[in-house]
Amino acid sequence: MQRMLMKTKTALVLLSLPLAIVSCKKEEKKTVDNTAKPTVDSIKTAKAEDKIDYSNFNIYSISLISSAQKDALADVFISVSDIYTEPHSIQEEVFKNQKNASYEEMQYLELDPQHRKKMLDGLHLTENDSLYLYNYEFNKLQKLPLNKLKAVAYLDAYSMEGNEVDPASYMVGFQLAAQQNNDIYDQYNNAVAYFGNKNPFVEGKMKPFAWKKAGPDISKKYFTQSRLKAGNTYQAQYENLTYYLQEYLEDDIMMERKLVVINDRNEKTFEKTITTAGSDGAEFSPLNGIGTDGTNAMQWTGYLFKGKPPVAFGFMVQSFGCPSITFLDKNEKDFTINCDNRH
């Protein structure tokens with residue numbers, strides 16, 4: 001997945017961090033610690049018998065929002081606007097008085113208690129629920145009480161100075177921390193968030209794909225014929241599963257990737273076609289160790305959600321729209337990672 005960089009006229013920068021690694025310039029500045037503190041059991045794994053209700057299940061990416069006025073310090077924020085679409089999400093008096101407020105003052109708002117409760121109700125949450133934030137790269141789980149997080153709104157990156165704004169101009173959600181130095185980027189990269197009363201994440205079972213080229217016999221053995229020209233074939237291993245990835249070309253341009261999964265009995269258990277067709281601005285991501293230097297892992301696999309099959313993701317980079325997580329089971333639907341990537 002990809003971190004996205006968007007700028008407004010006043011240098012407001014939104015860095016979305018949904019499952020990707022990009023290089024970030026480190027600064028040696030002291031961090032102002034306004035972070036909600038994890039509870040004592042924040043790193044413990046929930047009991048195995050806890051069952052998660054996936055019937056109305058939502059996961060989110062984490063964003064860092066900064067502006068030049070804040071000297072490159074960033075706020076850590078989770079937008080819930082993909083799910084919470086209430087048109088009156090922010091107190092009306094804010095907009096009645098905006099002519100007397102500067103653009104910088106309008107960039108960030110804290111919701112009043114009435115609109116905070118309205119947002120919680122719209123998300124089917126209570127103050128007794130928690131944020132479960134899991135960084136699968138570092139196997140770090142945090143549990144943050146929801147009643148310790150601010151309900152806030154940030155102007156989206158397309159709102160221009162000099163124009164009047166309304167609630168639709170804002171991303172609404174929860175602030176995890178304020179005024180943090182940008183050396184925190186890695187903490188929220190390769191991380192996914194969930195709000196609720198149980199931890200849905202399996203800890204310590206995610207690995208980056210380690211791709212290597214496969215022999216020419218693999219393509220004929222496991223992949224069906226295509227109108228496209230077969231390109232390179234790659235393979236990777238996770239526990240008892242072997243993954244094969246076939247590239248397909250048209251005029252030497254990659255048009256598709258096909259993924260198959262083989263178990264230890266040499267049975268094909270899963271297959272999927274990965275294509276950019278129909279996706280606005282989507283691109284194929286470079287493969288770990290093949291199109292990257294080996295330090296920036298794009299594709300990941302393993303067990304991420306309790307009671308669910310293993311997953312695989314990171315094969316495409318989204319310019320518009322949000323990434324998704326694929327389960328290696330044809331009977332399971334993908335999970336979209338809500339990222340408020342409006343345009």
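**Strands, pockets and ring pairs in a predicted model**

In strand β5, D75 is the bridge partner of I65. Strands here, like helices, are DSSP runs numbered from the N terminus (E, at least two residues, for strands; H or I, at least four residues, for helices). This is a predicted model, in which local features need pLDDT of at least 70 and side-chain atom pairs count only at pLDDT 80 or more, while totals for chains, interfaces and linings use all residues. Residues are numbered from 1 along each chain as its sequence is written, and side-chain values use heavy atoms, with hydrogens and water left out.

Back to that bridge: β4 (residues 62–66) and β5 (residues 74–79) pair in the antiparallel sense over four bridges, where pairing takes at least two DSSP bridges between two strands. As for cover, β4 is mostly tucked away, with five of its five residues buried. Buried means under 20% relative accessible area, exposed means over 50%, and partly exposed is in between (1.4 Å probe, protein chains only). In a regular strand the side chains alternate between the two faces of the sheet. In β4, I62, L64 and S66 point one way, S63 and I65 point the other way, and all are buried.

Next come the sheets. Strands of a sheet pair through backbone hydrogen bonds, either parallel or antiparallel. Two bridges join β13 to β14 (residues 229–238) in the antiparallel sense, and K212 stands opposite Q235 in β14. Another open sheet has nine strands with mixed pairing, ordered β8-β7-β11-β3-β23-β22-β20-β19-β12. Its edge strands are β8 (140–145) and β12, each of which pairs on one side only. Within this sheet order, β20 and β22 pair in the antiparallel sense over two bridges, with A312 opposite T326 in β22.

A pocket is found on a 1 Å grid over the protein atoms alone: it is an open set of points with protein on both sides within 12 Å along at least five of seven lines, whereas a cavity is a set where a 1.4 Å probe fits but cannot get out; lining residues have an atom within 4 Å of a point. The largest pocket has a volume of about 390 Å³, a volume being the space filled by probe spheres set on the points, with grid points joined across faces, edges and corners. Its lining holds 18 residues, of which N56, H124, L125, Y194 and F195 lie nearest the centre. Strand β11 (residues 191–196) gives the most to this lining, with three residues. By class, the lining of the largest pocket divides into seven nonpolar, seven polar and four charged residues. In this scheme Ala, Val, Leu, Ile, Met, Phe, Trp, Tyr, Cys and Pro count as nonpolar, Asp, Glu, Lys and Arg as charged, and the others, Gly among them, as polar.

The second largest pocket comes in at about 270 Å³. It is lined by 15 residues, and K272, I274, M316, S324 and T326 lie nearest its centre. Two or more residues of that lining come from each of β17 (268–275), β20 (311–313) and β22 (324–327), with β17 giving the most, four residues. The lining of the second largest pocket has eight nonpolar, six polar and one charged residues.

Then there are the rings. Rings of Phe, Tyr and Trp (its six-membered ring) pair if their centres lie within 6.5 Å; planes under 30 degrees apart count as stacked, over 60 as edge-to-face and the rest as tilted. The count comes to 23 aromatic pairs. One of them joins Y108 and Y154, a tilted pair at 5.2 Å centre to centre with 50° between the planes. Y108 is in β6 (residues 108–110) and Y154 in β9 (residues 150–155), 46 residues apart, and the pair links these distant parts of the chain. Y108 is partly exposed, at 25% relative accessible area, while Y154 is buried, at 2%. F201 and F305 also form a tilted pair, 5.8 Å centre to centre and 40° between the planes. F201 lies in the loop between β11 and β12 (206–208) and F305 in the loop between β19 (300–302) and β20, so the pair ties together parts 104 residues apart in sequence. Both F201 and F305 are buried.
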